[in-house]
Amino acid sequence: MTNLSPAAMADAVGSGLLTFPITQFDAQNRFDEAAFRQHCAWLLGYDVAALFAAGGTGEFFSLTPAEVDAVVSASVAETAGRVPVIAGCGYGTAIAVEIARAAEAAGADGLLLLPPYLTEAGQEGLAAHVEAVCKSVGIGVIVYNRANAVLGPDALARLCERCPNLVGFKDGVGDLELMARVASRIGDRLTYVGGLPTAETFALPYLEMGVTTYSSAIYNFMPEWALHFYKAVRARDRDTVARELKEFVLPYIALRDRGRGYAVSIVKAGVDAIGRPGGPVRTPLTDLTQAERAELKALIETANARLPKASLAA
């Protein structure tokens, strides 16, 4: 099984919208590979640039390393080389290295390195963590700047010098000044990905900073809408972007913010709402209430009704 080179992976990721599929569980709370692969096959029927398996939306934090491997392997098998597969990776350095090597062996084309579990660390320690993972594999690595793992421009610059396969930077902080300093210092050495929860909110201002793509959790249940919105962003169609933010994205965010951890729960509820298998989240997350699910379904139906009639399927 072959993997894309780090440069080819980075180019592919930066070329279009990114999908972060949910991870389905069965009635016994086990990974449901059949439902997951069916979901991925449906998502791949649209024009998406890369698939991120077992990422944040895929509940990486609730999966065992063996389950991460199973999700990544299923993703590689289902995509069959049509788009790059980027595997979630994280926890402490030793576990992250094990997950990284397993993902490479399974055929993943890259890694999304999520923040380490629980602990706080300074720039030197965070950089050492990223470097250890990068040097454990030959595939490309995208570092996720978020929560307890926020790297500054200086640390990133040193990592870029020491780790040729560090090829991407995903921003989950939302600090525009920090993003500007990173982009100014690093330039086009890295591919930049928008990674805030409901990244559509920040897509247009981030585009002006060279962030050409973002992770769309909404794509899980509204792929045509997500692609329509992405194309409006890339065309700098401010009227369309503003309308969709007002009519769908901001009400969706208001619903998401009613419960802690709903950023994942609302996506699974959205998949359920369109009649596809989303299923429950794993604890400690909780699912939306029935009333909230009804509100979400109405939002989805109204937003989809505004879409142009032309199909956006690949």
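Visitor: Which strand is joined to β8 by 2 bridges and runs parallel to β8?
Guide: Strand β7 (residues 191-194) is joined to β8 by 2 bridges, and the two run parallel. Strands here are DSSP E runs of at least two residues and helices are H or I runs of at least four, numbered from the N terminus; two strands pair if DSSP finds at least two bridges between them. Val193 stands opposite Thr213 in β8. This is a predicted model, in which local features need pLDDT of at least 70, side-chain atom pairs count only at pLDDT 80 or more, and totals for chains, interfaces and linings use all residues. Residues are numbered from 1 along each chain as its sequence is written, and side-chain values use heavy atoms, leaving out hydrogens and water.

Visitor: And what stands opposite Ser216 in β8?
Guide: Thr19 does. Strand β1 (residues 18-19) pairs with β8 in the parallel sense, over 2 bridges.

Visitor: Are the faces of β8 covered or open?
Guide: Both are covered: Thr213 and Ser215 on one side, and Tyr214 and Ser216 on the other, are all buried. Buried means under 20% relative accessible area, exposed over 50%, and partly exposed in between, with a 1.4 Å probe and protein chains only.

Visitor: Changing topic, why does Thr2 count as exposed?
Guide: Thr2 counts as exposed because its relative accessibility is 69%. Thr2 lies in the segment before α1 (6-13).

Visitor: What about Thr57, buried or exposed?
Guide: Thr57 is buried, with a relative accessible area of 13%. Thr57 sits in the loop between β2 (50-53) and α3 (65-79).
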